[in-house]
Amino acid sequence: MLTAIIPLLLDSLASAALIFFAAVGLTLVFSVLRVLNVAHGSLYSIGGYVAASICLFVASRQLNSYLSFAALLFSAVFVAAIFGPLIERGLVRWTYGKSEAVQILITFGLFLILEDLQRLIFGVQSFYEDAPMRLLGTSSIGGVVYLNYQIVLIGMALLVVIGLRLLINHTRLGRLITAVVTDREMAQSIGIDTNRIFILAFSLGVFLAALGGALATPTSGIAPGLGADTMVLAFAVAAIGGLGQIEGAAVASLIVGLARVLAIYLAPSLDAVAPYAAMLAVLLIRPYGLFGSVTARRI
Amino acid sequence: MAFKDISIVVARYLSSLELAFRLDRGTPQANLRWAVDGLAGALALGVVAATPVAAQEKPGSLGLGLFTFTSGPAAAYGMPGKNAADLIIDEINAKGGIEGVPVSATYVDEAQGAQGVIAEYRRLAGDAKNQVMVAALSSANCLALAPLAEQLEVPTVGWNCDTHQLLIDGKSKYVFRPNGNTVPEFVAYAIYLLDRKPDVKTVAIINPDYAFGHDAAKIFTAALKALKPDVEIVAELYPKLGSPNYQTEISRLATARPDVVFSNLWGADLENFVRQAAPRGIFTSSQVILALGETVLQRVPLPDGVIVGVLGDGWWMSPDAKANPETVKFAEAYKARFGEYPVFPAIKMANALIYVKAAYKAAMQKNGGKWPTRAELADAMKGSKVATLTGTAQTRPDNDGLVDQIVGVTVKASAQPFPVIGDMVRYKGDSLMPQAGQDPLAWISTLKPEFARRLPKPGSYK
């Protein structure tokens, strides 16, 4: 019995970790900026492309292989530093206070541009660089060989949840973000530079998306089209957890991960629909998501 | 002539309108799209009807519509096809073209989806310059385009279409497949497996979640059950096409502990699966069959002993290919231009273009040297037997192809930095095909172990 449950559990957690990285940035940006960034999936895949490129550079120069771990983190910082302020100041800020339809149309336009940009720069072939995965080796758990990198990913996801909660609750920046989320006008009237908060929060969202893509690269390839798939899944997770809810995204990732894994083990033909069936079931019972509410929003 | 020109312009405009509507699938727009489809189709028919006289004169150039995946995960399979087309067309044009007419290709990216592919096909067919379509890679697109080819009467050569459903009704006049189909392709793997591993008891399948994956699973399972009824299928997984991550599927395969893992994943999906499955021990715990494994030999470090093949005879290092100077020249030119040797989709495309060229030659011989109409060209394809780079492509009366099937296992080769195919067998194309009009699955169910015993054995093709 235990040998049957352990793989289910481990696969669910590993799957949830990857899904969480894809979704948490989207929900964070929505909570602060109140903008649903449809281009979020593209930033995820750009993070993957940049990470793979740097790791390939490290390998081609025969540098210390362990630098590839630093490359994963650096690529996320690099993408956030370039794209975060650029997109927020250049495009997203014009949508504040506009209808959701305008916001979605503008970020969808950005999504199309970023997807074509990736094709132009990285081509249409898939990218793959698995040095970090190979360095960590494998472990046999419950009779099944797992990549140690998968287990590290689970830990990383947990660290991100704790880190974000610490950032929001125990830092000055976090309290400023909370103030802006709670009442944007009031925060502005007491002298909080909301523009700066928006840039920082959006860049943090981009960082999380790019980090997700970068961390996924060693175990899965990056190819054109990944951005769209990621976006759809991230949106399902955000909807289940409640838009703007970080803990909600974590719990929703677990639900979606478990739903997918159960489908693959028990009813493989339902694999593709499992995340959306879970979303439908949750939204039928709680239309604002597990952690969402009609009147109050929190992060 | 004026009617033709106006029709082409209007048909093109309507096709572009249809593309514009793809983003909005609301009911009124959907209705409008059908109306546009109908109008564009009618106008394209008008163009076709208005052009037979002009088609008898040698045109300034011969247009080919070439359909393949040039973007997305499937491009890993589609781009070798495009590369081969570029190379072969350059070679044909360097020698003066087809029967003196230079060839110009218009590429259509199949990644845009069936609606876009249909609109592009219709747009290209509306231009009389485009006499032949080499379409398509995806079985789903082949099935979507086949009725259109018949309606517009445009010779259409399925350069890769694998699905046995494409020509199953035997009524096609304009759709041809100078390849084998899913039936001989996957029956071949069942026979090879049982020859190599006769004690197999349990099999797990991981195929892409669309017609090609499901058809292959059905055919492979039916052949195994017919030839060795005690074989049990312990897991059947169908991940979404284009899925980047297979870790959960790999865990599921590992828990099923099958003797054999069969897969017809392809393109980037196959690369991803191999890279993720290898470190997790799938290739050591089970005998793995990768039906399209040859396409990744130069890109992914496959271990020895994996059963792979080329869904036909398109292995550039096969004894027949190495004995053909044209094939050797093609492989070297391909390597020089694109940095790797031609994988079998490249060979399939090259063979399809050789098939088209041979059809023009035959059609012109038949009609006294005049440039053939589309109908005359289609007539020349029917029942043809064409020498290709890697063997022979024979077209049956139902327009389906008879092509040999090569299967083997990965082995190290001192001459190459990547594994090659060894312990090969070459099954005759007609030996694994049901008769025209026969239900393929019913035919497979009649197979007996004696049938397999009469076929050549692994290692016999040297």
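Biologist: Which residues of H10(A) meet H11(A) in this predicted model?

Modeller: From H10(A), the residues A:Ala236, A:Val237, A:Ala238, A:Ile240 and A:Gly241 meet A:Gly248, A:Ala249, A:Val251, A:Ala252, A:Ser253, A:Ile255 and A:Val256 in H11(A). Helix H10 covers residues 226–241 of chain A and helix H11 covers residues 246–266 of chain A. Their axes come within 8 Å and cross at roughly 115°, and the crossing is right-handed.

Biologist: What makes A:Leu153 and A:Val160 in H6(A) count as buried or exposed?

Modeller: A residue is buried if 20 or more other C-beta atoms lie within 10 Å of its own. A:Leu153 and A:Val160 are buried, as are A:Tyr149, A:Gln150, A:Ala157 and A:Leu164 in H6(A).

Biologist: Why is B:Leu152 called buried?

Modeller: B:Leu152 has 22 C-beta neighbours inside 10 Å, and the cut-off is 20 or more, so B:Leu152 counts as buried. This residue lies in helix H6 (residues 139–152) of chain B. B:Leu152 and B:Lys385 are 25 Å apart in space, C-alpha to C-alpha, and 233 residues apart in sequence. Across chain B, buried residues make up 55% of the 462 residues.

Biologist: What is the hand of the crossover that links S1(B) to S2(B)?

Modeller: The chain passes from S1(B) through helix H4 (residues 75–94) of chain B to S2(B), and this β-α-β crossover is right-handed.

Biologist: What makes up the side of chain B that touches chain A?

Modeller: The contact takes 31 residues from chain B and 32 residues from chain A. On the side of chain B, H4, strand S7 (232–237), helix H9 (247–256) and helix H10 (267–277) each supply at least two residues. H9(B) gives the most, with seven residues.

Definitions and conventions: Residues numbered from 1 in each chain as written. Chains lettered and ligands numbered in written order. Predicted model: local features only at pLDDT ≥ 70, side-chain atom pairs only at ≥ 80, totals over all residues. Right-handed = clockwise from strand over helix to strand, strands pointing away. Helix = DSSP H or I, 4+ residues; strand = E, 2+ residues; numbered from the N terminus. Buried ≥ 20, exposed ≤ 12 C-beta atoms within 10 Å, placed from the backbone. Axes fitted to C-alpha atoms, helices over the stretch in contact; angles between N-to-C directions. Left-handed = near helix turned anticlockwise from the far one by under 90°. Contact = placed C-beta atoms within 7 Å.
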